Amino acid sequence: MSSIDSLLALPLPLRAWIESVTRRKVVSASRHLAGASREAWSVDVEVAPADGADNEDDAGAGAGAGEPDVTSAEPSRLFLLHDRGSSGGSARDAAVLRALRGSAVPVPQVVGLDETNGTLLLERIEGRSDFPAVDHESERDPTARHLMELTGRLHAIEPQTLHIPHLKIPASLADSAHEPLVRARGAAAALGAEIEPFFLFALGWLERNVPASDARCALIHSDMGPGNFLFEGGRVMAIVDWEVAHFGDPMEDLAAIAVRDMATPIGHLPTRFAEYQASSGIDVDLERVGYYRALVLVRNSLMIGLGLAHPPEGFDVVEMTMYQTLLIRAAALVICDCLGVERPEIDVVDAPVDADANGDAAADANSEVAADSRLAPLINAAQRDLETIVTPELPAGLAAHRADGAARILATLAHESRVGSALDRAELDEITFMLGERPTNRTQADNRLRIVFEAPDENAGEHDVRWARYFARRLLRLSERRRPLMASLMDRLPQSLENR
């Protein structure tokens, strides 16, 4: 992509803001495939000031919250983050980065912040962000080991020494778990009557089982792991994306690493945890790690669900649906782990199953694609054209990524037309056993489940094991429906936290 073409990827207001902050002309910009809440670009600006000279006094004037934070020697290689909607993530990120600047934890320098428009400009750190891919195989293990060491360094910083205006130090570690649970309940309420019933069960279980501990509080990244650090030559160069950081239980960061391990493997988790403990001197409590792994999975999949329910412009619905499926399935399996019960499995369905001997085809009516098999040739033709004609002609970048996503959606619809009826029937059979009554379709079953878990119950928790096993099977069926969408992530299940 030429420099002129690449500038087209950067909206003009953002380009103008960068030039006003740096007093340099933007010469190139390339968009990154970022997360659900923010857009991102690598940006290069002229090395020399556009007007030929900087005024150091003017450059520092007005720097602060919502104002450009510039110096007389900005780097020419920059990284731009822009909030989707009014999440405020960039302002929170900037506050943590400023607090950590000069600490034992490497972070990028804040160059500018427009809090009103949710835009953050950072120095661009040299290094890769695509771990576990490495330049040389010998770098992989040292990079992972260094990440665990830096995680321990973060947790060693005294919270009272960090000035982060939007964060409060909790009175106890248990209190630190309550705040994300309150936010998760808010997200569940925002999803309304269409919420996946598993979330109601999972939130109830998490609220009843918050771990009590007198361990030391620390600053927690809360999304620690591959994808959120830059590395080079077997060393972590910077830890990035601090928008959900807070003060809390250090075990939450180990849980976050275990969550990210599913999509971006970090290695053998018991080994990684032993490295953390050896370098930090902080004991690893696997019971607390397990609880926080469930909390992170439920929280993150709920937040993605909010984005999917009301996708802002540029939101990658296909990619986020894939990741939500990965996370929600893992959440159900991890709750089984926490309860000490064996993870259930389901039979993989390879072909449609006819209605049963009594002619019960109610489940078939709930699968729109299965109801009209005449769509299959059109779906297959469109998928083939995307995969063999459209995508190969596109240059690497956002358009090719979205075309690949569209092809996977078409493949998923074709797969649903083959296996959906059988999976519907298995779901209705099991929910009949759980509820003691047979719903007519999946929609009615889901409504009945919501009533069960929304109603106050003084005996809540008495049947956690039964419901945990049911929801694990339910969400394994969901991932089976979306097998083509899941692609290589289909077989990525959460690692055991213990040596086995």
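A surface patch, as I use the term, joins residues with over 30% relative accessible area and no salt bridge: like charges within 9 Å, nonpolar side chains (Val, Leu, Ile, Met, Phe, Trp, Tyr) within 5 Å. Accessible areas come from the Shrake-Rupley method with a 1.4 Å probe, and for residues only the protein chains shown count as cover. A salt bridge is a side-chain nitrogen of Lys or Arg within 4 Å of a carboxyl oxygen of Asp or Glu.

This is a predicted model: local features need pLDDT of at least 70, side-chain atom pairs count only at pLDDT 80 or more, and totals for chains, interfaces and linings use all residues. Residues are numbered from 1 along each chain as its sequence is written, and side-chain values use heavy atoms, leaving out hydrogens and water.

The patch first. I389, V390 and L394 make a nonpolar one of about 220 Å². V390 sits in helix α13, residues 375-393; helices are DSSP runs of H or I, at least four residues, numbered from the N terminus. V390 is partly exposed at 35% relative accessible area, where buried means under 20%, exposed over 50%, and partly exposed in between.

Next, α7, residues 197-208. Ten of its twelve residues are buried, among them F198, F199 and W205. The cover includes α6, α10, α11, α15 and α16.

Last, P344, in the loop between α11 and α12. Is P344 buried or exposed? P344 is buried, with a relative accessible area of 13%. Beyond four places in sequence, its contacts (heavy atoms within 4.5 Å) are L333, C336, R469, A472, R473 and L476. The C-alpha atoms of P344 and R469 are 6.3 Å apart, though 125 residues separate them along the chain.

Definitions and conventions: Helix = DSSP H or I, 4+ residues; strand = E, 2+ residues; numbered from the N terminus. Buried < 20%, exposed > 50% of the residue type's maximum accessible area, 1.4 Å probe, protein only.
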